[in-house]
Amino acid sequence: MTRRHGYALLTAIVALIVVVSAAIYAGIASGTGRLADAPATGRASGHSAAPASSGTWVATWATSPAAAEPGTALNGMAGRSVRNVVHTSVAGTSARITLSNLYGQAPLYVTHASIAVAAGDATAAAATRTMRRLTFAGAPSVVVPAGGHVMSDSVRIAVPRGGDVLVTTYSPTPSGPVTYHPYARQISYVARGDRTEDVTGAPYTERTTVWRYLTALDVLSDEAEGTVVVLGDSITDGVTSTVGADRRWTDVLSGRLWAAVEEDRDVPRYSVVNEGISGNQVLADRLGRPADNPSGLSRFERDVLERTGAKVVVIELGVNDILRNPRLADPQQIARGLRTLVTRAHARGLKVVGATLMPFEGHRGYTPARDAVRQQVNAEIRSGRVFDAVVDFDRALRDPYAPRRLRGGYDSGDHLHPSDLGYQEMAEVFELRLLKKAGQAQL
């Protein structure tokens, strides 16, 4: 038998398993609409996928698929359970997930998936009676095509605001390169075998700081009315923030926003999701098909316009167009790229808040000429000819006595990325009123 015929046979077998599993599940579900609770064996069974009757669908967490994970080209995560841990920005009564196989070169067969609320911080264990089985068009299994993505059915689960959620997938067969997000700043877990509905966390002995396959968690929320999508680079990704502490500036911004809501201040009731990719540029993609680290222009439709409940876009991009350009970057080209993003957002009725570029003197890529480009881009941003509204991160975090540098306490040490204190300051200087959808700039 040739290799090609072997792959075809394997595909047919797995497809048959998926169909049979779906039929079995449908037969069970047709009785009571809910699977019986499991005994206390470290596993929990599924619950009805019917959504709650009211609320607004918003994204409570999201990330951008950034690249193919090195070392996974042959087997992917075959035979292992991947338990992603994600931090929510709003509460909900039902949930659904999106899985991506963007960088896969073969179909991804997910035969089992689940969602649960984490039992606490830094744990793979599920909170009592929160484990839910996920389905896809009514079936417990799904095939995610190479280059594609799928959304699960909704399932009833009380998702807390500002808590951790466990999303677990299992694939028994090799699927090629794993689509992942490398700088999660969050501990997730892996277990051998199908441990998808394990509630104890004990089998999850492998720890990881990346997210695999999972790109969005949506909730049906009775407290939120929309989503703020933050498009950015490593500064938004929070690459120097404390792992597992949720100290990215977007996390702090979300906390501020909901504290203001609870004080009955006149601010919108929005979730905040982080679409930062380390090294991301406005204009240029990296290599590959599809490209690793696609540019802001390339990924804007997928990561922003298609995000559930999107109302406002915050853009923090441009510094890598300066630092990673082998020649001296053209500030007008960067500004034009940013304006293109704004025009596309306006076409969907979204407001756009933009950020100035922070200083980087002392960083290995610094030159006076590059800093001059940064300042020209900032001048264009501050002029009001790029975004609907501006948050001036440059002014807030620069050293007042050496304005081409970050202030000492706000510098992580690499002279480009903020410290935890610097990320907090970014969120603190963000005026919450900017998130109100009141008019758009005439660009």
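**View 1. Helix α3 (residues 249–262) is mostly covered, with ten of its 14 residues buried.** Here "buried" denotes under 20% relative accessible area, whereas exposed denotes over 50% and partly exposed lies in between (1.4 Å probe, protein chains only). Helices (H or I, at least four residues) and strands (E, at least two) are DSSP runs, numbered from the N terminus. The model is predicted: local features need pLDDT of at least 70, side-chain atom pairs count only at pLDDT 80 or more, and totals for chains, interfaces and linings use all residues. Residues are numbered from 1 along each chain as its sequence is written, and side-chain values use heavy atoms, with hydrogens and water left out. The buried residues of α3 include Trp249, Leu253, Leu257, Trp258 and Val261. Among the elements that cover the buried residues of α3 are β17 (226–232), α2 (234–237), β18 (270–276) and α9 (420–429).

**View 2. The length of α3 agrees with its number of residues.** The end C-alpha atoms of α3 are 20 Å apart, and its 14 residues should span 20 Å at 1.5 Å a residue. The expected span of a helix is 1.5 Å times one less than its number of residues. Just after α3, Asp264 takes a positive phi of about 65°.

**View 3. Helix α4 (residues 296–305) packs with α6 at an angle of about 30°.** The axes of the two helices are 10 Å apart. Axes are lines fitted to C-alpha atoms, for helices over the stretch in contact, and angles run from 0 to 180 degrees between N-to-C directions. The angle makes α4 roughly parallel to α6; angles under 35 degrees count as roughly parallel, over 145 as roughly antiparallel, 65 to 115 as roughly perpendicular and the rest as oblique. Gly296, Leu297, Phe300, Glu301 and Leu305 in α4 meet Gly337, Thr340, Leu341, Arg344 and Ala345 in α6, where contact means heavy atoms within 4.5 Å.

**View 4. Helix α7 (residues 368–382) reaches 21 Å from its first C-alpha to its last.** This value is close to the 21 Å expected for its 15 residues. Arg370, Asp371, Val373, Arg374, Val377, Asn378, Glu380 and Ile381 of α7 are buried. The cover over these residues includes α5 (319–323), α6 (331–347), β20 (351–355) and β23 (402–406). Just after α7, Gly384 takes a positive phi of about 85°.
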